[in-house]
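Reader: I am new to this. Please take one part of this structure and look at it closely, then lead me on to other parts.

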Amino acid sequence: MRSVAGHSGCAFAVMLAVQPAPAQAFDWSSLDIFGLFTSKDQPPAVSPQTLPYKLEFDLGDAADAKALTRTLQDASLLYRLRQDAPPDGETLARRMAADLNPMVDALWSQGYFNADLTFEVDGARLRVGQEPDARLVRALESYRNREAAPIKIEVVPGPVFSMRRVDIAERGDYDAPTIPDPQKVAKLKPGDPATASALRSAQAALVDYLRNQSRPLAKIVELRPVVDHAARIMDVTYVVDPGPLAGFGDIAIGGTVDVPPEVVRSFIYLEPGDPYSPKALADTRKSITSIPAIGSARIREGDKLDRNGNLPIFVEVSERPKHLIGFSARYSTIDGPALRTYWEHRNLFGGAERLRLEGDIFYVPRIDGSKVQSFGDFERSDIGGRFAFSFMKPALKGSRYDLLVDGFATRERVGTNRYGGYTARYANVTTAIRRRFSDTFSVQAGLEAERGQTSDVLGQIDYTLVGIPLSVKYDSTDSLLDPTRGVRVSASVAPYLMFSDGNHGLFQSKASISGYYALDEDARYVLAGRIGFGSITGAALDEIPPTRLFFAGGGGSVRGYAYRTLSPLGPYNQLIGGRSLFEASVEARVKITETIGIVPFVDVGMAFESAFPDFKETLHFAAGLGLRYYTPIGPIRLDVAAPLNPRKGDKPVAVYISIGQAF
C-alpha cells in the first residue's frame, strides 16, 4: 500500500521531438501568384554590333494556350538564347529556321499532328520546309540600333489526335502471352489523346509490369506509331522483349569506408535465387538507410544474367558524418513549450554503433491549485528536465541480431490544477536483443530495471521494478513521418517483480495498430486510423506506481485534452490513473497543393480502473482540423483540437505544433 505524503514540488514531462531540417533559402517566386515579385524578361539593349529580339507567341483561342506556350518555349532555341543577341539579321534568321522542326516536334508530342507553325517579322514569313530569304533578313536588319526585332510565332494547333489501336508484339517464343491484357496494363485505350507523354507512360507501364513478373531484362525494343492525318488518329504498336524469368544473383557491396560491409549485408534480406522483384530492391534501399551510419544507398542491377540465370546486384552506400548535434522544439497551448538538445555518434567503435545522448527542458503544469499569473510567479519547480541515452550495436557478428541499451532519468509532474495528478522521480535502464526477420518484421526481448518514487492523492510509493519485456513490431508503411500506405503493428508484454512496501508481481501488455490507405495513385487523399490498447494485471490500483498506470490525452493521444489527464478520478476528484487503456483516432489527410494539406480528425480515448477496458468510465471525444506543410524531411504539423465532451476546467481549444503526422 502507498504511504500518505504531500506532493513534491518538482515536475517533468516527456517530450517527443524530431530533428529539424537544415535552414534553406526561401524562394519568393513560389509566391508569385499575381506576378508581384517577378518581371518579364527584357531583351538586351540595342547596339550597332548586335541585333536583339523579342518573342511573341500567338496561339489564338487554343484551349490550353498557356501550357502549350510553355511547351514551345522549352523546345525553342530562340527562347533559350533570347539574352544572347546575334550579330546580324542573317544569323538571327538561321536561328529561327533551326527552331522550326524542334517546335513542330513539341506540338506533335502533345498530339497536334496537323498544327501550323509560322514565324513572322513585319510581314516576312518563315514556315516549315522553307529557307530564310532576303526579305526576312532585311526585315530583321531594319531594327538594328533602333529596337529589339519583334518575332511573332503564330501557331494554329488544330485538334488533338486520338488513339485508335494499341497493339503489343512480343519477341521470343512463349507458351502464353507474357502480358495477358496489354491495354489494361498500358492504360492506353482507343480515344485517349495521342500525346508523347501518354506513349511514354504506357511504355514504362509495360516494362514495369514485366519486371514485376520477375523479368528484369524486359524492354521495349521498338515503338511503331502510324498517324492518319485525315482521320486525326494514331495507331501504335509496341514491340516487347520480355526477357527470361530470373532471380537475384550475388550481391556486391561497395562504398563502405568505416562501416563493415557485413553490417550492411545484415540489413539486406535478399538471398541469391530469390525471385527478382523491383519492390524488393526498393525495400532493400529503405532497409539499408535505416542504419544510422548510412546516409544513402544506390542499387545497380547487372546488365546480363549470370550462369545460373540470376541477376547480379551491386549496392553502393555512402556514409553519414560520424557526429551529430542538434536542437528541436515543440509547443502545445495546453502542455506548454518543450526544448531538446541532442548529440549522437554514429560509428562509436567502428561497427556502426550508435550512441545518442539527449537532454530535455520543458514547462510542467501545476497540480496543487496555484497558478502562474505573471513572470514573477514562475518558480524553478515549473521547469522540468530529462536526460536519456540510447545505444545500438547492429548486426552482432554480422547476424540479424542487434544489441539495444536505453536509459533515462527524469523528474515529472503530470496532471492539471483542477484534477491534480502525480509527481515522480525515477530512472530506468533496459537492455534488449532484437531479431530482424525482414525489413518489416522484428521481435525483441530484454531485461528492464527501474527505481523511483511517486506521489499522488493515493499516497507515496518507493519502488524497484525488474522485468522481462517482450515485443513484436511489424511496419509495412512507406514513410516514417508521413505514411500513406501500409500497416503498423506493435505489441508488447512484460512481467515485472515490484519491490516496495510489499512485493508484487505485475503483468503489463500493450498493443497498437495503425493503417493508412491512399484513395488515389498520387496519395493526395489518405485515410488513416489508429487503435491502442493497454492492460495491467497482478496488483491493485493503489499498489502500482502512477508512472506505470495508463492515462490518455495529449498530442499523440486524444488531442484537445492535456497530456495524460484522461483517467479515473479518486479521492477529492483527483486523477489516479488506470489499469487499462483504450484509444482510437481517424484522420482524412488531403493535399490541397504539393506543399499544403488539411487533416480533419476525430480522437477518442480513456483509461479505466479495471484491468481490462469495461467502458464504465466515460469515453472522451475530441475533433479538430490540422494544417500540414510538406517539406523534404516530413510534414510540419499544426493541429487545432476541441474536446467534444469536456470536463469542468478543460480548455475549449488546444493547438499542437510538431514535425510528422500525429501517428
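Author: Start at Gly420, which sits in strand β16 (residues 420-436). Helices (H or I, at least four residues) and strands (E, at least two) are DSSP runs, numbered from the N terminus. The model is predicted, so local features need pLDDT of at least 70 and side-chain atom pairs count only at pLDDT 80 or more, while totals for chains, interfaces and linings use all residues. Residues are numbered from 1 along each chain as its sequence is written, and side-chain values use heavy atoms, with hydrogens and water left out.

Gly420 is buried, because its relative accessible area is 0%. Buried means under 20% relative accessible area, exposed over 50%, and partly exposed in between (1.4 Å probe, protein chains only). What surrounds Gly420? Not counting residues up to four places away in sequence, Gly420 touches Ile367, Val414, Gly415, Gln574 and Leu575. Contact means heavy atoms within 4.5 Å. Asn573 is 153 residues from Gly420 in sequence, yet the two C-alpha atoms are 8.1 Å apart in space.

Now take a loop. Thr178 lies between β5 (162-170) and α5 (182-186). Thr178 counts as buried because its relative accessible area is 11%. Beyond its neighbours within four places in sequence, Thr178 is in contact with Glu170, Tyr209, Leu210, Arg215 and Pro242. With one of these, Glu170, the side chain of Thr178 makes a side-chain polar contact of 2.7 Å. A polar contact is a pair of N or O atoms within 3.5 Å; within protein, one must be able to donate a hydrogen and the other to accept it, and residues adjacent in sequence count only if both atoms are side-chain atoms. Val240 is 62 residues from Thr178 in sequence and 9.7 Å away, C-alpha to C-alpha.

Another loop holds Asp650, between β26 (634-643) and β27 (654-659). Asp650 counts as buried because its relative accessibility is 18%. A polar atom of the Asp650 side chain lies 2.8 Å from the backbone nitrogen of Arg647.

Next, two helices. In α1 (residues 65-75), the buried residues are Leu68, Thr69, Leu72, Gln73 and Ala75. They lie on the same side of α1, because they cover an arc of only 165° around the axis. That arc is taken from the directions from the helix axis to the C-beta atoms. These buried residues pack against β1 (53-58), α2 (77-80), α3 and β4. In α4 (residues 134-141), Leu136, Ala139 and Leu140 are buried. Their arc is only 95°, so they too are on the same side of α4. Their cover includes α3 (89-109), β2 (116-121), β3 (124-127) and β4 (149-156). An α-helix has 3.6 residues a turn, so residues three or four places apart point the same way.

Last, a sheet. Three strands form an open sheet with mixed pairing, in the order β8-β10-β9. Strands pair if DSSP finds at least two bridges between them. β8 (247-254) and β9 (294-301) are at the edges with a single partner strand each, so one side of each has no neighbour in the sheet. Neighbouring strands are turned by 25° against each other on average, direction ignored. β9 and β10 (residues 310-319) run antiparallel, joined by seven bridges. Ile299 has Val315 in β10 as its bridge partner. Helix α8 (residues 278-288) packs on this sheet, touching β8, β9 and β10, and its direction makes about 155° with that of β9. Axes are lines fitted to C-alpha atoms, for helices over the stretch in contact, and angles run from 0 to 180 degrees between N-to-C directions.
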